[in-house]
Structures are given as structure tokens and as C-alpha cells.
Amino acid sequence: MKFSDIQRLLQELDTEPTRSLGQNFLHDQNLAQWIVSSLDIQPGDHIVEIGPGLGALTEYLADHDIRLTLIEKDGRLAAYLKERFQSATTSVFHGDALDFDLRGLWGHGPVKVVGNLPYYVSTPLIAKFTSPLSPASRLVFTLQLELARRLNAEPKTKDFGAMTVCVNRRWKATFLRKLPASVFFPAPKVDSAVISLDRRPAHDVCPLDDSVFDSLVRRGFSERRKQLRNTIPECKNNWPSIVAKLHVPETVRAEELSLAQWESLARICFPASAQSGAEMFDVVDDQDIVLRAEPRDTVHVNNFLHRAVHMILVNSKNHILLQKRSIWKDRNPGLWDSSAAGHVDSGETYQDAALRELREELGISSPPLKRIGKLTPCKQTGWEFIEVYTGVHEGEVFPAPLEVETAAYFPLDQVSDWAARCPADFSPVFLLSLELLSKYGSLPDPSHPAA
Ligand code: SAM
């Protein structure tokens, strides 16, 4: 989009750039094309653009064979974008990107997000689109130069802070280029920069409870000039042995630790429970009669028949609760799954296991459950007999950090369409449980919880 196009469009729309919405329109076509090319768009991608404005980036996005979602807060611009770009594969949402429902982005192909972001709201937008419910694999954002530098900073520099460490734990930030203020109309008071954030693969992310990690890092950086031993009192007594393990002096400050050293510090100060191979399961015959107990690893390595439970919870809107499995699970890491699921321990009944798993994985105590069927062992079930239950749950859930990435309610129709389009997003047993649920006929009635 050329400078003259921006002037003409603003005139046609009888409007002027609104400062409170961070409206600075890009008028350099080469840069717009280059920003779009940084997304590395592949056929079938689903691109989300935040704040498309007059369409400086959108016109190059629309050239690709992709699904496009545009989120614009300014009503006049949203109406213009609808007229210009709306199609069978492009949707325009008029509203605040911070209120946008991320759940709707699942099930339509790999998601990448782009935007010359309004500066007043860049930080919360980054937090939202890097949150556990975000399906994005790559984000390309134009930000205020200062923020871009903070996201990409090296230890022992003034830009290196809590945000650098917390975002880079799961996302790799890359500084792509600086943009002078003069490429925007009106020119902002500060320079800008384009960065990319790429989701790190599971093997690059140290298994840790993110909320514990984030709070440790934020406390560490809360008083940058103080030595860490004074800002993290939990570690004070063992400080000499902790710093020896990290190979840093006792006087170390927050900005002197690398991301890997922060992760080690968190592991030492708050040892996270690792998945154990020491659990005992009942090995059963092909009639589900218990033969003997064996350790978990032995059962899995030998494909011995054993037992598990899956629970699908529903709320009063008839939405079903899905959990996204932790990326550190040994089986089906990172996939969407039933509300809760797990093995039946040795000596336990299916029903007791169902209630225990709901408690351990989601912090829910004793909801009434109804058994809707039983899956027989095969490769897809991991050689498990699986009893499937439904139940009603309203209100909060408290996902176990190392087990569950996130949990969210989704409309049943959306889940059915999504599962049909992208079965690889789900655990194989969830797909079988969903089939059982559809054969069962109806979801439990929230006004009459199952007995
Ligand atoms: N992408 C266009 C370009 O490069 O010329 C416009 C970029 S301008 C910096 C930011 C855009 O974000 C504006 O169109 C503004 O109306 C929009 N915007 C501001 N706050 C927003 C929000 N909370 N949610 C969605 N869009 C927003």
C-alpha cells in the first residue's frame, strides 16, 4: 500500500488515524511483502492477522492459498476490510484481539499469526498468542524497537529481563529487522522492529511447572540490582551448593543467569515430580480378568493387556471439556484428549480410578459419573481395556502442571468437525471415546447429573 493509497482510503472512509488505537499505517510495499514472506506461508496454513488496518499486509496475505482470519478493533476499518477481503476462506472479526476466542482457531490447519501491532497493547497480545490455548506455531510481529530488543536480549545486558526468560522458555525469539518510524503514516515517535517467535519443540523445553518458573523469574528480576540470594529466600540456606551447581558466583544477580541456568535453578529450588515408571498396573487376560501386577514400564514394553479410564465432562452449555496433554507425556504428548484419563492402578476399580484421575489431573472432587461403554484392547487403545465415563461439571478446573498443558470447554459440534478434519490433533483413544459418546446418543443432562 502506497502513501497515496492510505491518504485516499482515509478520505474515502471519512476518517483519520486514531492515536488511542495505535494506528500507524505501513506505506512501504517492499517491507509489507517482506513481513508476509517472513511467515513462511505453506498451502493450507491458517493465518491470523491482528490489526489489519487498511490492509497493508493483508493484500499480500490474500495472494496465498490459505485460510485468513482478520481481527480489527476499529469498526470503520473492519467494515472496509469485510467489503474488500471477505470470502469463503477469509473472515473478518470486528473486536478487540485481546477478547478473541482462541478456541475457534483449532481445527483449521496450522496457525501462524502476524501483525504490525498497536504498541499500547503489544505485551498482552504476545502473552495471549503464546499462551497454552494458542494453536500458533509461528508469530511475526512488528513491535516498538525497545520491546523487540527485550524479547531477544542476551544475559548480562540491560534489556535481558523476566519477559525475555519467560517467553523464550517455550518460544524462540528472533530479531528480524529494524523499521524506521518514517515507513508509517503517521510516523510514530519511536522506531520499530520485526521479530518472529517460533514454538520450541518439546525436547527443547525443560519439564517444569510454568507458573512456578514464571513466579521465580519475576521475583528474581523484581529488584534487578539485588543479589539473587536476597530475592529468593527459599534458596538462602543452600545457596553455596546451588550456585556451585550453576557454576556462578554466590553474588549472582538475576540478569546474569541464562535461560538454561534459570531452569536449573527452578529444578533445584522446586524439584518437580517426574513421571515415574514405578507405578504398578494389573495385567489382565482377554476377558479383563486380573492375572498379576507388573510395573508400568514392563506392561508397556511387552504390550500386556491392562486397564484405563477416560472421562468426558460436559457443562450446562453442552460444551465438552478437553484437556491438552503435556508435551512431556511419554504417550501422545501435546495432543488433545478426554477431560481426564489414566491407568487403573493395581488393586483399584475402574470407577475409583476415574474419580482419582479427575482429582489428580483437574482438581475436581467426586462429580457424579455415568459409564457409557468399554473399549476393548487393540493397538489404538495401547492394549488397554478402557471404561469411558461422562459427567457434568461446572466451574473451574485446576490442571496438574506437568500432566496437562491446558483444559478448555469446546462446543461438541466444533470438536466433531475438528476431529473429522484433523484427527492427528487428538489422542487415538479420545477419538474412540467420542464415537462411543455419539452412539450413546446424548450428553448427560446438566440439570440432572448422572447417578
Ligand atoms: N496492519 C496495518 C498496517 O500495517 O498498516 C495497521 C497497523 S496499526 C499499527 C495497528 C492496527 O491495530 C490498527 O488498524 C488498529 O485499529 C488496530 N487495533 C488497535 N487495537 C486493537 C486491538 N486491541 N485489537 C485489534 N486491533 C486493534
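Domain bounds come from an automatic or database domain assignment. This is a predicted model, where local features need pLDDT of at least 70, side-chain atom pairs count only at pLDDT 80 or more, and totals for chains, interfaces and linings use all residues. Residues are numbered from 1 along each chain as its sequence is written, and side-chain values use heavy atoms, with hydrogens and water left out.

**View 1. Three domains divide the protein chain.** Domain 1 covers 3-204, domain 2 covers 210-269 and domain 3 covers 280-440. The centres of domain 2 and domain 3, taken over C-alpha atoms, lie 38 Å apart.

**View 2. The ligand sits in the largest cavity.** On a 1 Å grid over the protein atoms alone, a cavity is a set of points where a 1.4 Å probe fits but cannot get out. A molecule sits in one if more than half of its atoms lie within 2 Å of its grid points. β1 (25-26) and β3 (67-72) are the elements that give two or more residues to the shell around the ligand. Strands are DSSP runs (E, at least two residues), and helices are runs of H or I with at least four; both are numbered from the N terminus.

**View 3. The shell holds 22 residues.** Gly51, Glu72, Ala97, Asn116 and Tyr120 come nearest.

View 4. A side-chain N or O atom of Glu72 is 2.6 Å from a ligand oxygen. A polar side-chain atom of Gln23 is 2.9 Å from an oxygen atom of the ligand. A polar backbone atom of Pro52 lies 3.4 Å from a ligand nitrogen.

**View 5. A cis peptide bond joins Phe185 and Pro186.** Omega is about -10 degrees. Pro186 is in the loop between β8 (184-185) and β9 (192-199).

**View 6. Ser366 has a positive phi, near 45 degrees.** Ser366 is a residue other than glycine. Its place is the loop between α13 (350-362) and β16 (369-375).

Key:
A residue is near a molecule or strand if one of its heavy atoms lies within 4 Å of it. A polar contact is a pair of N or O atoms within 3.5 Å; within protein, one must be able to donate a hydrogen and the other to accept it, and residues adjacent in sequence count only if both atoms are side-chain atoms. On a 1 Å grid over the protein atoms alone, a cavity is a set of points where a 1.4 Å probe fits but cannot get out, and a pocket is an open set with protein on both sides within 12 Å along at least five of seven lines; lining residues have an atom within 4 Å of a point.
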